[in-house]
Amino acid sequence: MSLVNINEIHKYFDDLHVLKGVTLEVQEGEVVTIIGRSGSGKSTLLRTINGLEGIDGGTIHVDGHELVSSTKSLRELRLKVGMVFQQFNLFPHLKAGQNVMLALKVVKGIDEAEAREMALKAMEKVGLLEKFDVYPDQLSGGQQQRVAIARALAMSPKVLLCDEITSALDPELVNEVLTVVRQLADEGITLIIVTHEMRFARDVSDKVIFMHHGRVHESGDPKDLFNNPQTPELSAFIQSIA
Ligand SMILES: Nc1ncnc2c1ncn2[C@@H]1O[C@H](COP(=O)(O)OP(=O)(O)OP(=O)(O)O)[C@@H](O)[C@H]1O
């Protein structure tokens, strides 16, 4: 079975039918990018995968376990599914390294010394070892986002979800974050990424999903999809962002 298996899921916000029977499989080590117009349901789809949004129909399996909305099941799920958001959400009163250590200690019950070792490794992975003892307000937005990535990585998730993680950054800081994600992809980490960075989607993904009005409208190999869109909606979308 694939690592993430989403089968015919539906999601409503009151009367608004936001996900209309979405099916998606993600294999271990795969990098999947979700693109589409604003409001097409990309973030909602991503947020269902770690239970931040419940679903109103269909099933989601992660690592062989069905996602059900009990507290215990959600807790177990969130150990497997890491997430990085548009906003970095670092605790300002904690140094960067302590931000990375926090969930290791609180959620996983790992002792201080071991959590520190793990956090050091994660900070090294995002190229910020020398910022371990620096407070977030002394870091650039790009560096803060890299700390947020380190925080998610330190938990050794089976899959990492990235929700428009460069959208809040000044343009000159986008590349340093994308470079880190690119490295993670090269290392074989399973990634599901919502992004407006089309060049990144084209270069890094194994598979691109084009969402349109709550449905997977087209999906496939990035080069095929971008060079040879099969639907007028994807064609128009690609032209609109070119
Ligand atoms: N918590 C919520 N309550 C009500 N409506 C919501 C909620 N979250 C999202 N929506 C609506 O659901 C639809 C899909 O939103 P979603 O954020 O998934 O789209 P998106 O494709 O990620 O858009 P964007 O690129 O702008 O982030 C939108 O119409 C949005 O207004």
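A crossing of two helices is called left-handed if the near helix is turned anticlockwise from the far one by less than a right angle, and right-handed if it is turned clockwise. By that convention H3 passes H5 in a right-handed crossing. The structure is a predicted model, in which local features need pLDDT of at least 70 and side-chain atom pairs count only at pLDDT 80 or more, while totals for chains, interfaces and linings use all residues. Residues are numbered from 1 along each chain as its sequence is written.

## Helix packing

Helices (H or I, at least four residues) and strands (E, at least two) are DSSP runs, numbered from the N terminus. Two packed helices are described by the angle between their axes and the distance between the axes. The axes are lines fitted to C-alpha atoms, for helices over the stretch in contact, and the angles run from 0 to 180 degrees between N-to-C directions.

| Helix pair | Axis distance | Angle |
|---|---|---|
| H3 and H4 | 9 Å | about 125 degrees |
| H3 and H5 | within 8 Å | roughly 25 degrees |
| H5 and H6 | within 8 Å | roughly 20 degrees |

Angles under 35 degrees count as roughly parallel, over 145 as roughly antiparallel, 65 to 115 as roughly perpendicular and the rest as oblique. H3 and H5 are therefore roughly parallel to each other. Contact is taken here to mean that the C-beta atoms of two residues, placed from the backbone, lie within 7 Å. On the H3 side the contact with H5 is made by Ala 96, Asn 99, Val 100, Ala 103 and Leu 104, and on the H5 side by Val 147, Ala 150, Arg 151 and Ala 154. For the classes, Ala, Val, Leu, Ile, Met, Phe, Trp, Tyr, Cys and Pro count as nonpolar, Asp, Glu, Lys and Arg as charged, and the others, Gly among them, as polar. The contact of H3 with H5 then divides into 7 nonpolar, 1 polar and 1 charged residues.

Helix H3 (residues 96-106) also packs against helix H4 (residues 112-125), and the angle of that pair makes H3 oblique to H4. Here too the crossing is right-handed. Gly 97, Val 100, Met 101, Leu 104 and Lys 105 of H3 meet Glu 112, Ala 115, Arg 116, Met 118, Ala 119, Ala 122 and Met 123 of H4, a set that comprises 8 nonpolar, 1 polar and 3 charged residues.

Burial is counted from C-beta atoms placed from the backbone: a residue is buried if 20 or more others lie within 10 Å of its own, exposed if 12 or fewer, and partly exposed in between. In H3, the buried residues are Ala 96, Gly 97, Asn 99, Val 100, Met 101 and Leu 104, and what covers them includes H4 and H5.

Helix H5 (residues 141-154) packs in turn with helix H6 (residues 171-186), and their angle makes H5 roughly parallel to H6. The crossing of H5 and H6 is right-handed. Gly 141, Gly 142, Gln 145, Arg 146 and Ile 149 in H5 meet Leu 173, Glu 176, Val 177 and Val 180 in H6, with 4 nonpolar, 3 polar and 2 charged residues in that contact.

## The ligand shell and H1

The residues around the ligand are Phe 13, Leu 16, Val 18, Gly 36, Ser 38, Gly 39, Ser 40, Gly 41, Lys 42, Ser 43 and Thr 44. Strand S2 (16-26) and helix H1 (42-49) are the elements that give two or more residues to this shell, and the largest share, 3 residues, comes from H1. By class the shell has 3 nonpolar, 7 polar and 1 charged residues.

H1 is largely enclosed by the rest of the structure, because 7 of its 8 residues are buried; these are Lys 42, Ser 43, Thr 44, Leu 45, Leu 46, Thr 48 and Ile 49. Just after H1, Gly 51 takes a positive phi of about 75 degrees.

## Individual residues

Positive phi values in residues other than glycine occur at Glu 8, near 55 degrees, and at Asp 63, near 55 degrees. Glu 8 is placed in strand S1 (residues 4-13) and is partly exposed, with 13 other C-beta atoms within 10 Å. Asp 63 is found in the loop between strand S4 (57-62) and strand S5 (65-66), and is partly exposed with 16 other C-beta atoms within 10 Å.

Asn 227 lies in helix H8 (residues 222-227) and counts as exposed, with 10 C-beta neighbours inside 10 Å. Asn 227 and Thr 33 are 194 residues apart in sequence and 16 Å apart in space, C-alpha to C-alpha.

Notes
Near = placed C-beta within 6 Å.
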